[in-house]
Amino acid sequence: MFSWLEKNPFFFAVGVFLVIAFAGLVEILPNFAQASRPVVGTKPYTVLELAGRHVYIKDSCNACHSQLIRPFKAETDRYGSYSLSGEYAYDRPFLWGSKRTGPDLMRVGNYRTTDWHANHMWEPAKTVAGSIMPAYKHMYTNVADIDTAWAEAETVRKVFNVPYNTEIPLQDGTTAVVELKDLAAEKTKALEEAAVIAKDMKRKDIEAIVSEGKIPEIVALIAYLNSLK
Amino acid sequence: MNKIVIFGIVFTLALLGVVFGIVGGKDVDMSGDMVNFYSAVAAVLIVSITVFVVIKYVNQMQNDTASGELAEHNWDGIGEYKNELPTGWAIMFIILIGWYIYYGLVKYPFNAYSQIGEYNEEVAEYNKKFADTFANIKNDPAKFLAMGKSVFNVNCAPCHGNTGDGLATAGEETLKAANLTHRLDAITVKNVIENGSNQLGYEAMGGMPAGMAAGDDVHTLAVYIAGGMSGEKPAAYAACASCHGEDGMGMEGVAPSIKTFDANMVAYVLSHGKKGAIGKMPSFAGILNDTQLEAAAAYVQSLSGAK
């Protein structure tokens, strides 16, 4: 049926071009849609939050907890409004997870507080009756790696143009800026943020570690979890 | 019937016989669970089909000769049979190309099924069902309280504990969330007396100024109020009584009850969140609907034994 086409190199080339161009269009065009841009109000992570994200990944929280709320009534009742692709704009890598042994954490910052996390990570079953989540007591003594977190922030700023130090429009019409300064300044800032969280955790041992200038992993992790909204 | 077909039948029977022997076919109960029967049927079918397909192709390899019309072109003496697409197939192929151009460029981008649309329908349907089912739930206190309990278990118990005791371990220092089995904790009363209260921004009432009592009075008052206002009334309570009333039940539009939970106030806290002496409580607006808020409030009231 198409042997005439096979014998006409010119028309055959035109046909091949059309097919590939169409396929390319279908792949490329959606990326320019508004739905593919960062959702208004999505901010990059601060250095302390990034350090917490590293703890989250290191301890494989994503093996049991998803970060993706599907558009079903049963899910939005429990976890808040459904996820949009643009909300993951600054997640590298995204932590959607594929299995919910524990609940979804996409918007955990909306309905859990610092002292709840502090209580829960120390002894989950005592906070949530019947919980099978293991305790993460080592996070209360291990020290978070702020240097690496800063390096990551600086890298994504340079390589992927993540909008640090840039005005980011928020939903209420105002703007916000997530600052990213040099390592020394960021360390000081992270320590100040950590002191606030340590105070809310109401644990003397954590406050003591922070006052020595070190940030326990649990503090960074809580900063990250509180940022999930 | 040639040798191969006979060999195939013998081979099939032998194979089935061996399987029958291995699984102990005599003792398998075919009467109860249908799964054994289906497995047996599947075994016979799989073995026979496999053997006879093999026989067909072995026959074809032995007996087939080339047939068909040669195409005009040949390359160094190697020819090709004409092998046109079946007409129906070709028509279908062309229709599908057209359909995909329509679907990819028009139907999908502009007129697609929407997951969000389906979600909105689901929510509307649920809300209607909820409203219909629970329209008169407030007339049935037991049911209303049961709803409040289930809301509490899901949304409140993670912080306030399954029994509403605020996950208290020992003493006020370890409190993580308000103890709901009585109206106020001593630590909360102290905090409010010392720092005042804007009444959570609750529009119906004014704010309370700071420093309504000082020194030892603060502690005495805190213990008295946290203790459910039983026992001897301290003299310093006179300062509280002018707004909260002699009995602590509050005054409509002026000050809340400090003896029992006010259902309106609990519903207000649930929908706005609060920052108290102990920590920050998130808002549950958008998570709970009005009926659920009121049910939760009624349940919280019942925890402290208030009517």
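Predicted model: local features only at pLDDT ≥ 70, side-chain atom pairs only at ≥ 80, totals over all residues.
Where does B:D64 lie? B:D64 sits in the loop between α2 and α3 (87-111) of chain B, where helices are DSSP runs of H or I with at least four residues, numbered from the N terminus. B:D64 is exposed, with a relative accessible area of 55%; exposed means over 50%, buried under 20%, and partly exposed in between, using a 1.4 Å probe and protein chains only.

Residues are numbered from 1 along each chain as its sequence is written, and chains are lettered from A.

Now let us visit helix α1 of chain B, residues 3-22. Its buried residues are B:V5, B:G8 and B:T12. Seen down the axis of α1(B), they fall within an arc of 55 degrees, so they line one face of the helix; the arc is taken from the directions from the helix axis to the C-beta atoms. An α-helix has 3.6 residues a turn, so residues three or four places apart point the same way. On the other side of α1(B), the exposed residues include B:K3, B:F7 and B:I22.

Finally, turn to chain A, where A:T42 is found in the loop between α2 (9-28) and α3 (47-58). A:T42 counts as buried, at 12% relative accessibility. A polar atom of its side chain lies 2.8 Å from the backbone oxygen of A:V39.

Technical notes. Heavy atoms only, no water. Helix = DSSP H or I, 4+ residues; strand = E, 2+ residues; numbered from the N terminus. Expected span 1.5 Å × (residues − 1). Polar contact = N/O pair within 3.5 Å; in protein donor to acceptor, adjacent residues only side chain to side chain.
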